[in-house]
Amino acid sequence: MNDAHWMNLALEEARKGVGKTAPNPPVGAVIVKNGRVIGEGYHRRAGTPHAECHALREAGARARGATLYVTLEPCCHQGRTPPCVDAIVDAKIARVVVGMRDPNPLVNGRGNAALKRAGIAVSTGVRRDECQALNRPYEKLITQGVPYVILKAALSLDGKIATATGVSKWITRAASRKYVHELRRGVDAVMIGAGTLTCDDPALTARRGNTCVKTPRAVVLDETLVSSDDARLFSRAPGELTVATTARAPAEKIEALRMRGHEVIVCAQDTHGRVALRDLMRALGARGVMSVLVEGGGEVFASVIAERLADRVVACVAPTFIGGEGKNMLPGMSIGTMDEAVHLEDVTIRTLGRDVVIEGNLK
């Protein structure tokens, strides 16, 4: 077995923590000795032991002279948990194989250097691309202070996200909707506009079958707080709903939401008087939100795309025509030339039932 094989196992461990660790990264670790795994683990949530510590605990005394495979450079500073470098040295690990360097300025090569000073052999960059892909949200938060943004749209073949009367249930079929719940499980927050809240009254939970497996933070954009208090999201527990508004909202409505335990962020306004999304993203980043899934509606999509806030786009396209009076995905967005068009790169295309799913990173 080579290093890439064992790092693949560490990546499998790391993926178990995706969507659960913010503001920390999802990390996986595997300890190998004599061609066998003797310890493995992943970071479960912020404030709990890191992946390396779980793996070392499982390996126990057998870790002496073994090789540790970890998807992200071990930390070397005291945070909410002790430095992983110290635990690795104490366990007498002989070699550490690292997937990618930690972009956190408190680490950023210092963890690897500390291991080498302790006489431990260090190899880096094994399955680097896969490790970096896993940690794009963490890297963006730690280096830019804002969340990684995924835009998800369900649309017809003629680019409509709803009928002329605003009906969008259901453009795509069950297989696509199941995938959306997978996306929700992997993010910290799901964002919608007040229009989508009014039309669809969504729950924005992540379900597996009929079982709710996660309730990511819901973020509702409502510049004047016109949303109905009867919407399902307003019955959420404290801390599960954030309402982003502006100074145009009545003070008594802001106070009423806060009295119910909901967070209200009063943001700057854009040129149209709506919530300034860049301001909101900075506020969410300051709260440790590492990833946001934007689910609509059209005005929100258009703002996110026009301001280049999206990192990734997921378009679930149904073989259906809705017609010219239907709701556009990007209303009001005007492109004069193809040079101004927004392009995706690293594109993948696949079918889910009768639907086509197109995914790519915003160029």
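Leaving aside its neighbours within four places in sequence, with which residues is Glu58 in contact? Glu58 touches Ile38, Gly39 and Glu40, where contact means heavy atoms within 4.5 Å. The model is a predicted one, in which local features need pLDDT of at least 70 and side-chain atom pairs count only at pLDDT 80 or more, while totals for chains, interfaces and linings use all residues. Residues are numbered from 1 along each chain as its sequence is written, and side-chain values use heavy atoms, with hydrogens and water left out.

Glu58 belongs to helix H2 (residues 51-59); helices (H or I, at least four residues) and strands (E, at least two) are DSSP runs, numbered from the N terminus. At 44% relative accessibility Glu58 is partly exposed, on a scale where buried means under 20% relative accessible area, exposed over 50%, and partly exposed in between (1.4 Å probe, protein chains only). The C-alpha atoms of Glu58 and Gly41 are 8.3 Å apart, across 17 residues of sequence.

**Overall architecture**

The chain has eleven helices and 18 strands. Its radius of gyration is 23 Å, close to the 21 Å of the globule rule for 363 residues, so the chain is as compact as a globular protein of that length. This radius is taken over C-alpha atoms, and the rule is 2.2 Å times the number of residues to the power 0.38. Along the principal axes, the C-alpha atoms fill a box of roughly 70 × 45 × 45 Å. Of the 363 residues, 51% count as buried. Among contacts with a separation of 6 or more, 69% join residues 24 or more positions apart.

**Nonpolar cores**

A nonpolar core is a set of buried Ala, Val, Leu, Ile, Met, Phe, Trp, Tyr and Cys residues joined through side-chain atoms within 4.5 Å. The largest has 38 residues, of which Met7, Ile31, Leu68, Ile88, Ile93, Val96 and Leu115 touch the most other members. Helix H1 (residues 3-15) gives the most to this core, with five residues. A second, separate core of 33 residues includes Val149, Val219, Ala244 and Leu362. Beyond its neighbours within four places in sequence, Leu115 is in contact with Pro74, Val85, Ile88, Val89, Val96, Ile120 and Val122.

**Strands E17 and E18**

Leu344 lies in strand E17 (residues 344-352) and is partly exposed at 31% relative accessibility. Asn361, in strand E18 (residues 355-362), is buried with a relative accessible area of 10%. Leaving aside its neighbours within four places in sequence, Asn361 has contacts that include Arg136, Tyr148, His343 and Leu344.

**Salt bridges**

A salt bridge is a side-chain nitrogen of Lys or Arg within 4 Å of a carboxyl oxygen of Asp or Glu. By this rule the count comes to 16.

| Pair | N to O distance |
|---|---|
| Arg184 and Glu295 | 2.8 Å |
| Arg282 and Asp279 | 3.9 Å |
| Asp355 and Arg354 | 3.8 Å |

Asp355 is buried, with a relative accessible area of 0%, whereas Arg354 is partly exposed at 34%. Salt bridges that share partners join Lys152, Arg184 and Glu295 into one network. Both Arg184 and Glu295 are buried. Arg282 and Asp279 are three residues apart in helix H10 (residues 277-286), and are therefore separated by about one helical turn. Asp279 is partly exposed, with a relative accessible area of 23%.
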